[in-house]
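The sequence and the coordinates are shown first, and the description follows.

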Amino acid sequence: MFTGIVEELGEVTAIENLGDSSRFRLRGPVVTENAKHGDSIAVNGVCLTVVDFENGEFTADVMAETLNRSSLGALATGSRVNLERPVAVGGRLGGHIVQGHVDGTGTVVERTPSEHWELVRIALPAALSRYVVEKGSITVDGVSLTVVDAGPDFFTISLIPTTLALTTLGIKGPGDPVNLEVDVLAKYVERLLGAGAGTETTETTETAGTAGTALKTAQTEESDR
């Protein structure tokens with residue numbers, strides 16, 4: 001479990017093509033300080049498992065499914081990446097609940113700079129737009145952000161100088177892909193409401209059927225008398 005508060009701006013130092021997967025080597029002295037084999041580290045918002053580590057670098061295997069469904073497939077040696085370790089039990093939830101399970105990719109459309117912040121417009125798949133609401137939370141490349149405005153196929157975010165300086169969002173330009181993870185609470189609520197509606201319909205039908213049977217039985221008994 002992550003919070004979307006990036007700890008370090010790391011770098012891809014090598015990518016080994018393994019056919020149906022790739023092995024990434026990434027530099028991140030902060031996130032590898034107390035690393036162990038099997039630990040999780042979020043890379044641009046994607047939860048990856050540490051294979052080995054040494055001298056401030058770690059390797060992680062990335063399956064074809066992840067490469068195809070996230071922006072990790074577009075990374076190359078030298079690419080900068082956002083890194084975050086899982087939140088410790090009892091730690092501060094500085095951003096929001098982030099699972100590291102990317103829902104899809106968006107595309108930076110435009111950037112509008114201001115004196116002390118920058119407004120970024122991002123296009124997203126229509127299937128994800130229903131989970132994005134004004135002033136709600138969204139994770140972009142592993143960064144927990146607040147939605148400024150939400151449309152049918154886009155949303156905007158406002159980036160402060162710290163975010164611009166310490167994450168990849170400061171260097172993403174129009175046309176660049178970004179990983180998106182919507183608020184997991186929205187997905188659970190949708191699922192529960194759907195299940196609730198189905199349960200209610202079933203119960204209503206069963207109740208109506210039982211009532212109908214009772215009525216017929218009463219009518220038969222009345223006729224017999």
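## Pockets and cavities

The largest pocket has a volume of about 320 Å³. Its lining comprises 17 residues, of which Ile5, Val143, Ser144, Ile160 and Thr163 are the closest to the centre. Two or more lining residues come from each of strand 1 (8-17), strand 10 (143-150), strand 11 (154-159) and helix 3 (161-166). Strand 10 contributes the most to this pocket, with four residues. By class, eight residues of the lining are nonpolar, seven polar and two charged.

The model is predicted: local features need pLDDT of at least 70 and side-chain atom pairs count only at pLDDT 80 or more, whereas totals for chains, interfaces and linings use all residues. Residues are numbered from 1 along each chain as its sequence is written, and side-chain values use heavy atoms, with hydrogens and water left out.

The search uses a 1 Å grid over the protein atoms alone: a cavity is a set of points where a 1.4 Å probe fits but cannot get out, a pocket is an open set with protein on both sides within 12 Å along at least five of seven lines, and lining residues have an atom within 4 Å of a point. Grid points are joined across faces, edges and corners, and a volume is the space filled by probe spheres set on the points. Ala, Val, Leu, Ile, Met, Phe, Trp, Tyr, Cys and Pro count as nonpolar, Asp, Glu, Lys and Arg as charged, and the others, Gly among them, as polar. Helices (DSSP H or I, at least four residues) and strands (E, at least two) are numbered from the N terminus.

The second largest pocket is lined by 13 residues, with Val46, Thr66, Gly100, His101 and Val102 nearest its centre. Strand 4 (46-54), strand 5 (57-63) and helix 1 (64-69) each give two or more residues to that lining.

The count of cavities of 30 Å³ or more comes to two. The largest cavity is lined by Val108, Arg111, Val120, Ile122, Val140, Ile157, Leu159, Leu169, Lys172 and Val178. Strand 7 (104-113), strand 8 (118-123) and strand 11 each supply two or more of these residues. The lining of the second largest cavity includes Tyr131, Gly136, Val147 and Asp183.

| Space | Volume | Lining by class |
|---|---|---|
| Second largest pocket | about 230 Å³ | six nonpolar, four polar, three charged residues |
| Largest cavity | about 40 Å³ | eight nonpolar, no polar, two charged residues |
| Second largest cavity | about 30 Å³ | six nonpolar, two polar, one charged residues |

## The chain as a whole

The protein chain has four helices and twelve strands. Of its 225 residues, 37% count as buried (under 20% relative accessible area with a 1.4 Å probe, protein chains only). Among contacts (heavy atoms within 4.5 Å) between residues at least 6 apart in sequence, 69% join residues at least 24 apart.

Ser71 is placed in the loop between helix 1 and strand 6 (80-84). Ser71 is buried, with a relative accessible area of 4%. Leaving aside neighbours within four places in sequence, Ser71 is in contact with Thr105, Asp141, Pro177, Val178 and Asn179; Val178 is also one of the residues lining the largest cavity.

The mean pLDDT (the predictor's confidence in each residue, from 0 to 100) is 87, and 86% of the residues reach 70 or more. Over residues 199-225 the pLDDT is below 50, and this stretch has zero contacts in the model beyond near neighbours in sequence.

Technical notes:
Buried means under 20% relative accessible area, exposed over 50%, partly exposed in between (1.4 Å probe, protein chains only).
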